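Hi,

Here is the structure I said I would pass on. Have a look at it first, and then read my notes below.

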Amino acid sequence: MGIGSKARRLALLAGMAVCAFGMSEAEAAGKHKIFLSMSFIGNDWQAEAANMVKAMASHKSMADKVDLQVQVAGPNAQRQIQQINAMVQAGAEAIVIFPISPTALNQVVKNACDKGVKVFAYDAEITEPCAYNVHIDQEEAGRVTAEWLVKKLNGKGNIIAVTGVPGTSVDDLRTKAAKEVFAKHPDIKIVGEAVGMWSQAVARTELSKILATRSWDDINGLWMQVGCFTANSMQLEAGKKSSELLPCAGEGSNGGRIQMLPEGTEVEGAASPYAPLGAPRISYASPPYSGALALKLAVEALDGKEVAKKTILPLPVVTNDTIKLCDEGTWAEMKAGCNAFKPSLVSNPGWFASIFSDQTPEIGLAAALVGQPEE
């Protein structure tokens, strides 16, 4: 080798070293750089959904493909816009996002798409056409639960309505659909309404305010996006018997589902109010696995597979007739139809129980609780 050719080879090697040094760790490892953009996190659902996204990213089928980074914007669309811009500038290949608004993020999402970034929204919706959306039919959720409550009350009674996080498509669509049902029944009166932020703690605060001017005896039923467990607990605290609990149409918290079991059912770890009460309920949920599924679909899209722009998930609905206790909480048990978990397995009654999907065998109970994937 001549001196000139040797010099050229050294220069080439030096250039390669500079390029490698300039690569991110994810690029050097051949991983997809994916960001999780969360908005409001002050409730059990968001924390659980984040656990499941992280568990999916760390599953053995994903760990060598995904470099996941997490950012939280809070309930502030402008901050989420700024963070998405920063993610794109940092080299994001995909962004999995719980959008605080269905429309406010459209321009920044379009800009991201124009730069080749895949944007997947979970649970709440983004209306920009380039975005992918993974969610239940939120209007169906509002309609089905309101219809159940109207039927339970024989079309007549005073009800309390507790909504979710304002401005999100989830809250807007559910509330709109439910109120359309109630409007068809003039003898159904909404005598108290509050913003619940999908939080058991906020629901308690807001119900306490409403009950400062009326008693439980003035109320016939409740429609609550989150809070049926809390409402039942407050009624017991006020001296009502379990047989006197008001019908409640609402969320799929595990505490609420345990309360739906027939009173006297032996359940390991149960203690009132987190106990079987025979509480009249319909329980539904935006399943918290939606973010993890969005991540899985984002990886498939980045790998060149065809992915639908809209994935509508089945609406998990449980009533007193279909409640079924899980024994150990295994994935196989959930696949067989169990939909509530013993308090000895799930200590937090506000934790959401609708975690099963046959599309996500990578994640189960441990994923939802502590972010640990299935083996």
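Where is Asp123 found? It sits in the loop between β4 and β5 (132–135). Before I go on, a caveat: this is a predicted model. The mean pLDDT of the protein chain is 92, and 92% of its residues reach 70 or more. The part to treat with care is residues 1–23, where pLDDT stays under 50. For that stretch the model has 3 contacts beyond four places in sequence.

Back to Asp123, then. Its phi is near 70°, which is a positive value in a residue other than glycine. Asp123 counts as buried because its relative accessibility is 4%, under the 20% cut-off. Tyr122 belongs to strand β4 (residues 118–122). Tyr122 is buried too, with a relative accessible area of 0%.

You'll find Asn154 in the loop between α6 and β6. Is Asn154 buried or exposed? Asn154 counts as exposed, because its relative accessibility of 71% is over 50%.

One more backbone item: the peptide bond joining Ser272 and Pro273 is cis, with omega at about 10°. Pro273 lies in the loop between α10 (254–260) and β10.

Now the helices. α7 covers residues 169–183, so 15 residues, and runs 21 Å from its first C-alpha to its last, close to the 21 Å expected at 1.5 Å a residue. Its buried residues are Ser169, Val170, Asp171, Arg174, Thr175, Ala177, Ala178, Val181 and Phe182. As a reminder, an α-helix has 3.6 residues a turn, so residues three or four places apart point the same way. What do the buried residues of α7 pack against? Their partners are the helix α6 (138–152) and the strands β6 (157–163), β7 (188–195), β8 (221–224) and β10 (281–284).

The other helix item is a pair: α3 (residues 44–58) and α11 (residues 290–302) pack at an angle of about 30°, and their axes are 7 Å apart. That makes α3 and α11 roughly parallel to each other, because angles under 35 degrees count as such. Their crossing is right-handed. On the α3 side the contact is made by Trp45, Met52, Val53, Met56 and Ala57, and on the α11 side by Ser290, Gly291, Ala292, Leu295 and Lys296.

Lys342 is in the loop between β14 (340–341) and α13 (365–370). Lys342 is buried, because its relative accessible area of 12% is under 20%. Which residues does Lys342 touch, not counting those up to four places away in sequence? They are Val267, Glu268, Leu325, Cys326 and Asp327.

Ser199 is in the loop between β7 and α8 (200–210). At 9% relative accessibility, Ser199 counts as buried. Leaving aside its neighbours within four places in sequence, Ser199 is in contact with Gly42, Asn43 and Val226.

Cheers

Technical notes. Residues are numbered from 1 along each chain as its sequence is written. This is a predicted model: local features need pLDDT of at least 70, side-chain atom pairs count only at pLDDT 80 or more; totals for chains, interfaces and linings use all residues. Side-chain values use heavy atoms; hydrogens and water are left out. Helices (H or I, at least four residues) and strands (E, at least two) are DSSP runs, numbered from the N terminus. Buried means under 20% relative accessible area, exposed over 50%, partly exposed in between (1.4 Å probe, protein chains only). Contact means heavy atoms within 4.5 Å. pLDDT is the predictor's confidence in each residue, from 0 to 100. Axes are lines fitted to C-alpha atoms, for helices over the stretch in contact, and angles run from 0 to 180 degrees between N-to-C directions. Angles under 35 degrees count as roughly parallel, over 145 as roughly antiparallel, 65 to 115 as roughly perpendicular and the rest as oblique. A crossing is left-handed if the near helix is turned anticlockwise from the far one by less than a right angle, and right-handed if clockwise.
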